[in-house]
Amino acid sequence: ATSKKHFLLKCAEELARLTGQDEHEIFDKLNERENLGSTGMGDGVAIPHARLKNLDRVYSLFISMDQGLDFDSVDDKPIDLAFVLLAPQDAGADHLQALAKISRMLRHKEFCARLRGANSQDAVLSLLLHPEDLIAA
């Protein structure tokens, strides 16, 4: 992606394929949330998220980038790791719990370093499914 908007468009495309939802609606909701304030939380990490009607569960998309992307992060540094989260409109606690868990994982420098160094989808998946191996509960 060459810009934040392009990044959100590409994410919406992939999430539309995964969820069966309209990619324009996904993009609009993600962009709407970003307009409230950047989800770039610093240290190269962002967690764009939105709620959508007609979703049956929470969906997430993990993205690791070779080059940093300007994301208007709180520390003004580019991002290279992103977790995009979509939740049903009425998800309530599920949405907040998913955001909190992802945020906790991505606040740990060692965890992020391992994600950045992972050289296969299996390695990334192992880290994401077993973050407790690096992060104390």
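This is a predicted model: local features need pLDDT of at least 70, side-chain atom pairs count only at pLDDT 80 or more; totals for chains, interfaces and linings use all residues.

Is K4 buried or exposed at its relative accessibility? I looked it up: K4 counts as buried, because its relative accessibility is 15% (buried means under 20% relative accessible area, exposed over 50%, partly exposed in between, with a 1.4 Å probe and protein chains only).

I number residues from 1 along each chain as its sequence is written, and side-chain values use heavy atoms, with hydrogens and water left out.

**Entry: K4**

I find K4 in helix 1, residues 4–19 (helices are DSSP runs of H or I with at least four residues, strands are runs of E with at least two, and both are numbered from the N terminus). A polar atom of the K4 side chain sits 3.4 Å from the backbone oxygen of F71. I call that a polar contact, meaning a pair of N or O atoms within 3.5 Å; within protein, one must be able to donate a hydrogen and the other to accept it, and residues adjacent in sequence count only if both atoms are side-chain atoms. Setting aside residues up to four places away in sequence, K4 touches E34, S38, L69, D70, F71 and D72 (contact means heavy atoms within 4.5 Å).

Phi of D72 is near 55°, a positive value in a residue other than glycine. I place D72 in the loop between strand 4 (59–69) and strand 5 (79–88).

D43 also turned up: it has a positive phi of about 55° although it is not a glycine. Its loop runs between strand 1 (40–42) and strand 2 (45–46). I note D43 as partly exposed, because its relative accessibility is 47%.

**Entry: Q21**

Which backbone oxygen lies 3.2 Å from a polar atom of the side chain of Q21? I get the one of N54. Q21 itself is in the loop between helix 1 and helix 2 (23–36), and it counts as buried because its relative accessibility is 16%. Leaving aside neighbours within four places in sequence, I list A16, I26, K53, N54 and L55 as its contacts.

**Entry: D94**

I find D94 in helix 3, residues 93–106. At 48% relative accessibility, D94 counts as partly exposed. I also took a C-alpha distance: D94 and V84 are 10 residues apart along the chain and separated by 15 Å.

**Entry: whole chain**

How many helices and strands does the chain have? I count 5 helices and 5 strands, and from the N terminus on they run α-α-β-β-β-β-β-α-α-α. The radius of gyration is 14 Å, close to the 14 Å that the globule rule gives for 137 residues, so the chain is as compact as a globular protein of that length (the radius is taken over C-alpha atoms, and the rule is 2.2 Å times the number of residues to the power 0.38). Along its principal axes, the C-alpha trace spans about 35 × 30 × 25 Å.

Of the 137 residues, 42% count as buried. Taking contacts between residues at least 6 apart in sequence, I see that 62% join residues at least 24 apart. The chain exposes about 7,900 Å², and carbon and sulfur atoms supply 47% of it (Shrake-Rupley method with a 1.4 Å probe; for residues, only the protein chains shown count as cover).

Last item, charges: the mean positions of the 16 positive and 22 negative ones are 3 Å apart. Here Lys and Arg count as positive and Asp and Glu as negative, with His and the chain ends not counted; I take the place of a charge as NZ of Lys, CZ of Arg, CG of Asp or CD of Glu.
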